[in-house]
Amino acid sequence: MSESLAQYQEDLRRLSDELIRIQTPIKILDAIKWPREMEERFLSSKGTVLPAISQDFYQKIALPFDPVKTQAELLTLKQEIHRRLGKKDKLGKILIANVDQYRLVVDMLGHRGTPVFGQLSQELYGSASHRLHGDRHTLRQLGDKLSYIFSLPAARHMNKHHPKIISAPEAVNVLSQRLEKYFHSDDMRVRLSDGIVSDAAVGGDTVKLNSKAMFSESDLNVYEVHEGWVHVGTTLNGRAQPHATWLSVGSPRVAATQEGLAVLLEMLTLSSNPGRARRISDRVAAVDMAENGANFIEVFNYFRELNLSAKDSYRVTQRVFRGGMVEGGSFFTKDISYVRGYVENINFIRSAITSGLPELIPMLFLGKLAIEDIPVLYQACQEGILTPPKYLPPMFDNFSGLYAWFGFASGLAGIDLKGVQRHFTRLFKDVPSIDPSLELLDDTEFDNNSD
């Protein structure tokens, strides 16, 4: 190894470690989470009283870092990256992009409960009104189409097959056993938590399950691949990097790739279910309504009118108003990342195949990254600066099957789905349903967001 390369790698490691040190206390979700009893109070009011969340509420949640000091440290780090790696260095540019993201995050958290919070959230995560790369449709249009499909009577019927009968301690044991087989040589944990509002969450190398929740077998299948294979897996793959250790931590710019990849794994392993898929799709509509000025009660009522349960309606609404203003005017837009990222990951894989570059596909698991980083990171792997991902799901490790699956999907992409639907609607018209309430999908409704 040349002396200059060794020095470059040493600098990259030192600068990466410094970013990890600075960002460690910056916990976005912890800084904007609501107490669990807020849900009970809102639902007991029959959804008629806004949650008692204000700017004063957030000011009482002390940030575990000094915003002024942290901003100064991030600015100093940016200058040091330019000095040590050079302004044109490609890995340095990715590192700086993450530094700049954390500078925005610190600013956003300093404006919790104000309109500025929502504006900075849009800058970090995007907006439901944004269009997908290379497509004319907005995220809201895609989200509405998916929500419609996953709320059809047939989908509601299938949701009955996933009862939540597994206790939290039992779920921890089952999930621990499954993930120990996957992460055979690394320490990772599954544990109970009283401090999370959702049923499951990930922190670094730990999967946390809500101690008060009950789970279905489908839930555990989802958590195994979503939280385990993707979120924990990319953390450990990033930690295994000898020099680019920043790949073990994720700024908002990687959210879409991470969450979209996690949802894609749910689909590829057939772990998801229509109820889960609808909750993910509904989040886009919730973000869009909040961005257009709706208050908490208006968004909640929107989902109640779509026959979503009061509990699920509260939770999808609460996710969007975390950090913002329940009376309207400020919001948290991270929840568009799931649908946006799902589509972007699929399009990336299809494009890598049709471009003759399938070897780029496993790079999705290299660490916490944005899809646009992959060509640079792949080149760095080829040069020996980075190491390939340590943990890969089976279909990404030997991706010949994935190639065939997406190859067929790409070849079929141009088929006229409306014409196909009309053909099969005629074919199915005399078939008795297992449930009298089920009805065939009307192709005009299916296409209601196609323009």
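Reader: Before we get to E39, what counts as a helix here, and which helix holds E39?

Author: Helices are DSSP runs of H or I with at least four residues, strands are E runs of at least two, and both are numbered from the N terminus. This is a predicted model, where local features need pLDDT of at least 70, side-chain atom pairs count only at pLDDT 80 or more, and totals for chains, interfaces and linings use all residues. Residues are numbered from 1 along each chain as its sequence is written, and side-chain values use heavy atoms, with hydrogens and water left out. With that settled, E39 sits in residues 37-44, which is helix 3.

Reader: Is E39 buried or exposed?

Author: Buried means under 20% relative accessible area, exposed means over 50%, and partly exposed is in between (1.4 Å probe, protein chains only). E39 comes out at 10%, so this glutamate counts as buried.

Reader: What does S313 pack against?

Author: Again we leave out residues up to four places away in sequence. On that count S313 touches F300, F303, R304 and L308.

Reader: Zooming out, how many helices and strands does the chain have, and what is its radius of gyration?

Author: The chain has 21 helices and 5 strands. The radius of gyration, taken over C-alpha atoms, is compared with a globule rule of 2.2 Å times the number of residues to the power 0.38. For 451 residues that rule gives 22 Å, and the chain is close to it, so it is as compact as a globular protein of that length, with a radius of gyration of 23 Å.

Reader: What share of the chain is buried, and what share of contacts is between residues 24 or more positions apart?

Author: Of the 451 residues, 52% are buried. Among contacts with a separation of 6 or more, the share from residues 24 or more positions apart is 74%.

Reader: How far apart are the centres of the positive and negative side chains?

Author: Lys and Arg count as positive and Asp and Glu as negative, while His and the chain ends are not counted. Each charge is placed at NZ of Lys, CZ of Arg, CG of Asp or CD of Glu. There are 52 positive and 55 negative side chains, and the centres of the two sets lie apart by 2 Å.

Reader: Now the strands: which ones pair with strand 4?

Author: Two strands pair if DSSP finds at least two bridges between them. Strand 2 (residues 189-193) runs parallel to strand 4 over 5 bridges. An antiparallel partner, joined by 4 bridges, is strand 3.

Reader: Which residue in the hairpin of strand 3 and strand 4 takes a positive phi?

Author: The hairpin has 2 residues between the strands. The residue with a positive phi, near 65°, is G204.

Reader: Which residues have a positive phi although they are not glycines, and how exposed are they?

Author: K46, with a phi of about 60°, lies in the loop between helix 3 and helix 4. L270 has a phi of about 55° and lies in the loop between helix 12 and helix 13. Relative accessible area is 70% for K46, and for L270 it is 74%.

Reader: Last one: where is M214, and how far is it from E170 in space?

Author: M214 is in strand 5 and counts as partly exposed at 39% relative accessibility. Beyond its neighbours within four places in sequence, M214 is in contact with residues including K164, I165 and D219. M214 and E170 are 44 residues apart in sequence, and their C-alpha distance is 9.6 Å.

How values were computed: Contact = heavy atoms within 4.5 Å.
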